[in-house]
Amino acid sequence: MKRCMRIVAVTATAALLAAGCGGGSGSGDGAEGGDVSLVMTFWGNDDRAQRYDQALRAYEEANPGVTVQETFVDYPSYWPARATEAAGRSLPDVMLMDLSYLREFGANGQLLDVSTLSGDEAIDLSGMSDSLIPSGQVDGAQVGVPVGTNAFALFTDAAAVEATGVPAPEQPTWDEYNDYVAAVAAAGATDAEGQALFGSGDYTGIFWIFIHWLNQQGVEPFTEDGELGFTQDDVAEWWGSVEDLRGGGGFISPERVNQLTPLSIFDAGETTTEQSWDNFLAGYVSNNPDGEHSLQPIPSDDPADPGLFLKPSMLYSIGANTEHPAEAAALVDYLVNDPAAGEAFGTSQGLRASSYQRDAMELEGVDAQVAEYEESIEPLLQDSPPPPVRGFGTLEARFLEINENLNYGTLSVDEAAEQWYGEAQQTLADNQ
Amino acid sequence: MTTTTRAAQRPLAEAPRRRSSRRRRGEDLAGYAFLTPWLLGFFLLTVGPMLASLYLSFTRYDLFNAPSWVGLENYQRLFADPRFIDSVQVTTLFAVIGVPVKLAASLAVAMLLNMALGAKGFYRSAFYLPSLVGASVSIAIVWRAIFIDGGIVDRIGQGVGLEAGGWVGDPSRTLPMFILLTVWQFGAPMVIFLAGLKQVPAELYEAASVDGAGPVRRFLSITLPMLSPVIFFNLLLETINAFQVFASAFIISNGTGGPANSTLFYTLYLYIRGFGDFQMGYASAMAWLLVLVVGAITLVFFKTSRSWVHYSGETR
């Protein structure tokens, strides 16, 4: 009896082990029978998931034998998951990519160079502007296909402006803008819930605004070989330019900013203006439906040169490890070029990059407003920037965090600039 | 003792022993067979990755390129990193204040529950409940809502004349908020204290009462010494836990450790470095430093325990 038990135990363990080891080989892609299963990942919310569901199910219907399994998470969790997959050479067949991370993934042979696909397999980029396509290139390889475009804008909420009684400036210089922010705080108006209204938060913590400010002065933010193209003094000058607002209660307090996270202060209707990417409009409108939002170029001392540029709001990349490059490319081609797919997404991923989708769409409401803004700034645009340096995400996050210390009064401008600049150089050196 | 007995019995028990030894070997084998799943897990999922991370801590590794050896550079850079210093300060302060307060609270509640009351079972479950849900994501979200501008705490504060606003955005008040959260999750140490209190012989209290000892005296001279092994156990466990706070800090600060690094707990900073900045070598060095420090603290606890922990069965 006991021996019998022993045999059972050993066999059971062996069976368990076999099952554990067999798990990997059993989940093949069903290559037999010509069926192809593609894995696709994106970041976003339920709204985006529904749009993908619509677009992908339509694609499966039109292409029997191809199934797409999509998964999504929020933006911060997306990158650790992809980086871990990259370490194991098991990236998804198709993934949504952000410009900030393109170089990280693309410089290491992790992503497929889609320009190597030819004939029927090639992805049609003819609908995209010539200045936009290089934004998806790393070291000459086309590792990203732009999905949509966005540009920076100064948003104004006319309803909030009216409540403060201080008229909002049109195409202001930086000084005029800062004076306006100070005047709003001095007016001391409150919103319907009794919260004080401000002109802005400390916008100098947003790294992208700093980059636009550098652009306005003709300074390239990064050199060809991935070093900083500006000095510590530039950072100190930028952060110091609003020192009066910061110390004098001109900006909304950092406590309030933190309380409202993940909403922005502009989402919450507690500031009259905000500088951000134009495709954020849809979010502002849905979070603050009572607002009357409009867009204009960001402040600039030379109104003819606001330093603006179009960049890919998002891109698609194909994992170099994919077993089905042709099918993956066909899917990307459909997502960026097919009018039906464009219809499914609207301007939720920025204005569609491909004219095949853009021209087929009837834009209305928010979508039309964003399209109109991007058309209006076209004569002012500089070339689209190359993918940012490796470690850009870290630079951006630290820029905001160290700027927060200025607002809490724990660092002086010079100390903050020195700390950020030192860390930034270290980060870039680590990523060489 | 045992060896001599066995040796003495050997001639008599020779034949059956051989059979039993074969049987024992068979049983050993079966034992290991049953253990295999656990052993595999232990070596493949725990020891293997730990050794790998020890190696990685001496390298620069960004997940995309193969690790490159840098020797002790990661460890040296740690001590020049202002955010690392911040994270050590936050975590140490949290442990030094949070653990004693939590232990005191859980002991107090355990003593209350140990009194003869009606509906004892109900109260025990009710007080244990926060620990069951405490580690969950939802509680961290609720906690944030309680301490935000216009949240319950802010309103109560306004009710008594404090116009201080919410705690979430104020760097000087986020750590107290975390300490309250951990103290509120006193269930696990409380249950252990309760079990310990049951073990204290009632006759000790009776004898002390007869001798005229009041409640304070009985607590200091009977309860505390008799509970000291349990206190030691809880102190050790809670201290180790305090160094590993992650989920609540991650959620309440939206993964940043803000405002102004005031919730930058050690493991959160480690995560930001490893999975946010893709600096796995640096993060591994941080992880190993934490292992060493927690190990050292545990060692100190054990060394000093001899002077204050009393085991009742012990004869000196």
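Me: Which residues are buried in α12(B)?

Reply: A residue counts as buried if 20 or more other C-beta atoms, placed from the backbone, lie within 10 Å of its own. In this predicted model, the buried residues of α12(B) are B:Y266, B:T267, B:L268, B:Y269, B:L270, B:I272, B:R273, B:G274 and B:F275. Helix α12 of chain B spans residues 266-276 and is mostly covered, with 9 of its 11 residues buried. Helices are DSSP runs (H or I, at least four residues), numbered from the N terminus.

Me: What covers the buried residues of α12(B)?

Reply: The cover includes α3 (75-87) of chain A, together with α3 (82-114), α11 (247-252) and α13 (280-308) of chain B.

Me: How is the packing of α12(B) and α13(B) described?

Reply: Two packed helices are described by the angle between their axes and the distance between the axes. Here the axes of α12(B) and α13(B) come within 7 Å and cross at roughly 160°; axes are lines fitted to C-alpha atoms over the stretch in contact, and angles run from 0 to 180 degrees between N-to-C directions. Angles over 145 degrees count as roughly antiparallel, and α12(B) and α13(B) are therefore roughly antiparallel to each other.

Me: Which residues of α12(B) and α13(B) meet?

Reply: Two residues are in contact if their C-beta atoms, placed from the backbone, lie within 7 Å. B:Y266, B:L270, B:R273 and B:G274 in α12(B) meet B:M280, B:Y282, B:A283, B:M286, B:A287 and B:L290 in α13(B). By class, this contact of α12(B) with α13(B) has 8 nonpolar residues, 1 polar and 1 charged. Nonpolar covers Ala, Val, Leu, Ile, Met, Phe, Trp, Tyr, Cys and Pro, charged covers Asp, Glu, Lys and Arg, and the others, Gly among them, count as polar.

Me: Where does a positive phi occur just after α12(B)?

Reply: B:F278 takes a positive phi of about 55°.

Me: How many residues of chain B are in contact with chain A?

Reply: 29 residues of chain B are in contact with 29 residues of chain A. Helix α1 (residues 2-56) of chain B gives the most to the side of chain B that touches chain A, with 6 residues. That side of chain B divides into 14 nonpolar, 11 polar and 4 charged residues.

Technical notes
Residues are numbered from 1 along each chain as its sequence is written. Chains are lettered from A and ligands numbered from 1 in the order in which they are written. This is a predicted model: local features need pLDDT of at least 70, side-chain atom pairs count only at pLDDT 80 or more; totals for chains, interfaces and linings use all residues. Helices (H or I, at least four residues) and strands (E, at least two) are DSSP runs, numbered from the N terminus. A residue is buried if 20 or more other C-beta atoms lie within 10 Å of its own, exposed if 12 or fewer, and partly exposed in between; C-beta atoms are placed from the backbone. Angles under 35 degrees count as roughly parallel, over 145 as roughly antiparallel, 65 to 115 as roughly perpendicular and the rest as oblique.
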